[in-house]
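User: Please take a close look at one part of this model, the nonpolar core and the aromatic pairs around it. Which residues make the contacts there?

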Amino acid sequence: MGFLKKLFGGCESKKYVDKQGVYFYVECANCGARVRVRADKQHDLQNSEGGGYEWHKTIVDSRCFRRIQTVVQLDAAYQMTSHEISGGRFLTEDEYLAAEAAAAAAKAKAAAEAAEAGETE
């Protein structure tokens, strides 16, 4: 039985780790939409003079479609050292996840209330 678990993976599932991507989280200043953006380490980042990397990106959210212009400076370990943004603001991963969880909970609550209101009619 142990052989089959090893062969087919069993119940253990390993979480995928993206080693080639650097993730950034932004929020639109106009509509508040949150966007997660992936920058590929090989193709999207440019070498900067200080030994790190630079990333230029125009981000468009899916709600109001306004442009969010960004320029990010990264060190050699791909950690953000400085950034410029117009039309939005950067979020930390924790802020992004918390906001997405709160939005999902509010949506679920609204759906439950709508279903309850439909049952009482």
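Analyst: Contact here means heavy atoms within 4.5 Å. The model is predicted, so local features need pLDDT of at least 70 and side-chain atom pairs count only at pLDDT 80 or more, while totals for chains, interfaces and linings use all residues. Residues are numbered from 1 along each chain as its sequence is written, and side-chain values use heavy atoms, with hydrogens and water left out.

Leaving aside residues up to four places away in sequence, Leu74 touches Phe24, Leu45, Gly52, Tyr53, Gln79, Met80 and Thr81. Leu74 is also one of the residues that touch the most other members of the largest nonpolar core, along with Phe24, Val26, Leu45, Trp55, Ile59 and Val72. That core has 15 residues; a nonpolar core is a set of buried Ala, Val, Leu, Ile, Met, Phe, Trp, Tyr and Cys residues joined through side-chain atoms within 4.5 Å. Buried means under 20% relative accessible area (exposed is over 50%, partly exposed in between; 1.4 Å probe, protein chains only). At least two core residues come from each of β1, β2 (34-40), β4 and β5 (67-74), and β1 gives the largest share, four residues. Strands are DSSP runs of E of at least two residues and helices runs of H or I of at least four, numbered from the N terminus.

The structure has three aromatic pairs. Rings of Phe, Tyr and Trp (its six-membered ring) pair if their centres lie within 6.5 Å; planes under 30 degrees apart are stacked, over 60 edge-to-face, the rest tilted. Phe24 and Trp55 are stacked, at 4.4 Å centre to centre and 15 degrees between the planes. Phe24 lies in strand β1 (residues 21-28) and Trp55 in strand β4 (residues 53-60), 31 residues apart. Phe24 counts as buried because its relative accessibility is 4%.
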